[in-house]
Amino acid sequence: MLNILTPLEEIPANNIHSALEVSEKAWAPTHAVALDELISDIITEGRNPVLTGVILKGDPEIGMDIGNIEKVDVPAVIQIGHLAAFKKDKLVGWLNETESRGYNSIMGNVKSSVVTIPCEGGGNVAIEILRTKVKVTGKVEGRKPWIDIDYKIEGNVGDVECNIDLTKTETIAKIEQTLEKEIKGFMTAAVKKAQKDLKSDIFGFGEEIHKADPEAWKELKHNWSEEFVDLPVHIKVIAKIKGLGTITEAFQGKTKE
């Protein structure tokens, strides 16, 4: 990986670092993790680490040759991939793009992104995510723990590829409802993957239970891996559309009239 030459950076390691920083800011399925954060996640009770994968596409031998940066269509490239989940220091599996989006939403890592949602009559609407706010709360009642997740999201309509009237309030309300359903689907998929397949608390839900009820946590922490698998997680998403961009009909339709 560290020997693959790229046209934008003379030092391959700098290329990986820059790509990860950019992808974290603009692409929701990735997340940059500092070394001290990784160590903290490994040793902390009630939380397991997550790291972003780095993928080599193409021929690595060609990639290490100077000829790799002398072509328009580069034969070997480094790409930032999806999230890898750990149990302490052991890799236990990977999250796909949808699950990675859900993980970063729950963790409050989404700084900027685009979510594409379907229209009723076909086509899609692209929503540019401007701001997000998440609150994860642990609760214990009768020694039974559960998690509440409240997620608020604000965005703009970035692109419309269907026949809808954005001047109508009911249209905006439908877009918000569909966006809420889409984001909740991401988050639910991530929780399901962690509980059923990975069996690893990558969200730090155990920490939240500890904060909510330290006495109950003293008992729960000894078998937290088993407790986590069946932990009830309640997710509530509220979406608001703040901007509509340029509200005009598609010029292609006008030219056909």
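A disulfide joins Cys119 to Cys162, with an S to S distance of 1.9 Å; the term stands for a pair of cysteine sulfur atoms within 2.5 Å. This is a predicted model, where local features need pLDDT of at least 70, side-chain atom pairs count only at pLDDT 80 or more, and totals for chains, interfaces and linings use all residues. Residues are numbered from 1 along each chain as its sequence is written, and side-chain values use heavy atoms, leaving out hydrogens and water.

Searching the whole structure turns up one disulfide. At -45° about the S-S bond, the link of Cys119 and Cys162 is left-handed. The two cysteines sit 43 residues apart, in distant parts of the chain:

| Cysteine | Loop between |
|---|---|
| Cys119 | strand S4 (113–118) and strand S5 (124–141) |
| Cys162 | strand S6 (144–160) and helix H5 (169–198) |

Both Cys119 and Cys162 are buried (under 20% relative accessible area with a 1.4 Å probe, protein chains only; exposed is over 50%, partly exposed in between).

Zooming out, the chain has nine helices and seven strands, which are DSSP runs numbered from the N terminus (helices: H or I, at least four residues; strands: E, at least two). Of its 257 residues, 40% count as buried. Among contacts (heavy atoms within 4.5 Å) with a separation of 6 or more, 67% come from residues 24 or more positions apart.

Then there's the open sheet: three strands in the order S1-S2-S3, with antiparallel pairing (two strands pair if DSSP finds at least two bridges between them). Strand S1 (50–58) and strand S3 (90–94) are the edges, each pairing on one side only. Four bridges tie S2 (residues 76–87) to S3, and Ala84 stands opposite Trp94 in S3.
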